[in-house]
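Reader: I have a protein model to look at. Can you take me through it step by step?

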Amino acid sequence: MKTSSEWLHYYQQNPHTLPPIPWERGAELTAEERAAITRSVQEFQLGESSEGRHLLQDAADYAARTGDRLYLQTMRLFIAEEQRHAADLSRFLQLNGLPIVQTTWSDRVFRSARNLFPGLELSITVLVCAELIAKVYYAALRKATESVILQRLCEQILRDEVSHVAFQTEQLARLRARRGRFAHAITMAAQRLAYLGAVCVVWASHRAVMLRAGMNAAGWWRACWREFGPAFSRTLRAQARAAVEDATVARPTRSAFAPVGRL
C-alpha cells in the first residue's frame with residue numbers, strides 16, 4: 001500500500017497529466033440523448049460537488065490521533081479532484097444548454113448516509129460504495145452517448161476513479177487491519193449491505209443510461225459486484241500482514257548469544 005506521502009505526490013501531479021477534453025466541439029447531444037441522460041448527469045454532477053466538510057473533519061481527527069498530517073493534506077486534494085469532476089460535468093451541461101440541479105432524492109440518500117454516523121471509517125465506507133458504482137456508471141455513460149466531449153470526460157473520470165478507490169480502500173485497510181476475524185466478518189457484512197443498497201438506489205435513478213448502454217438490471221448487478229471483491233481484497237491482505245506482525249512482536253525470541261544449555 002502507498003504511504004500518505006506517496007498519495008500526496010500522486011494527487012499533486014495528477015492534474016498535470018490529464019488527457020485533454022475537446023470543449024471546442026460545442027453542444028453535441030442529440031435530442032434523444034438529452035432525453036435519456038440529462039437527469040442522470042445532473043444528479044452525478046451534484047454528487048461530485050460535495051465540499052466534504054464531515055470527511056475533512058474526520059480526516060483531521062485521524063491525523064491528530066496518529067500524527068499522519070500528510071493524510072489530511074491528501075484528503076483535501078482528493079476532494080478537490082472530486083470537485084473538478086463536478087466542475088467539468090457542470091461545464092458540459094451548460095455547454096448543451098442544460099440546467100444545474102440543486103438537490104435530488106438519491107443525492108440526499110447518499111449525503112444522509114455519509115453524515116448519519118461520525119468517524120472516518122464509516123465516512124469512507126459510504127464513499128467507497130459511491131466510488132465503485134461510479135466506475136460502472138461512467139463506463140456505461142460513455143457507451144450511451146456519441147458526444148466526444150462526454151466520452152472523453154467519462155474516460156478522464158474513470159481514470160481518476162481507479163486511484164480514488166485504491167486510496168480509500170487502502171485507508172480502510174489500515175483502520176481495520178488489527179480487527180479480529182469475527183469483527184472483520186461483521187464489518188464486511190455491513191459493507192456489503194451498504195453497497196447493495198447503493199447499487200439499488202443508483203439503478204432506480206439512472207437505469208435509463210444503463211439501458212441505453214445495453215446494460216439491463218442483471219448486467220448492472222453483475223458489473224457492480226465485480227468491482228467489489230478486488231477493491232476489498234486489500235483489506236484482507238492488510239489484516240493478514242497485521243496478524244503476522246502482531247504474532248512476531250508477541251513471540252519471545254532467543255538471543256543469538258544466550259546459552260543454549262548446560263555444557
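Reader: Is E48 buried or exposed?
Author: This is a predicted model, and values are computed from it. Buried means under 20% relative accessible area. E48 has 6% relative accessibility, so E48 counts as buried.

Reader: Which helix holds E48?
Author: Look at residues 31–48.

Reader: With which side chain does the side chain of E48 make a polar contact?
Author: Set aside the neighbours within four places in sequence, and E48 is in contact with residues including E82, H85, L89, Y138 and E161. The polar contact from the side chain of E48 is 2.9 Å. Its partner is the side chain of Y138.

Reader: Where around α1 do the buried residues S4, W7, L8, Y10 and Y11 sit?
Author: Helix α1 covers residues 4–13, and S4, W7, L8, Y10 and Y11 are buried in it. An α-helix has 3.6 residues a turn, so residues three or four places apart point the same way.

Reader: What covers the buried residues of α1?
Author: Other helices take part in the cover. One of them spans 69–95 and another 148–176. The cover includes α4 and α7.

Reader: What percentage of the protein chain's residues count as buried?
Author: The protein chain has nine helices and zero strands. It has 263 residues. The share that counts as buried is 48%.

Key:
Residues numbered from 1 in each chain as written. Predicted model: local features only at pLDDT ≥ 70, side-chain atom pairs only at ≥ 80, totals over all residues. Heavy atoms only, no water. Helix = DSSP H or I, 4+ residues; strand = E, 2+ residues; numbered from the N terminus. Buried < 20%, exposed > 50% of the residue type's maximum accessible area, 1.4 Å probe, protein only. Polar contact = N/O pair within 3.5 Å; in protein donor to acceptor, adjacent residues only side chain to side chain. Contact = heavy atoms within 4.5 Å.
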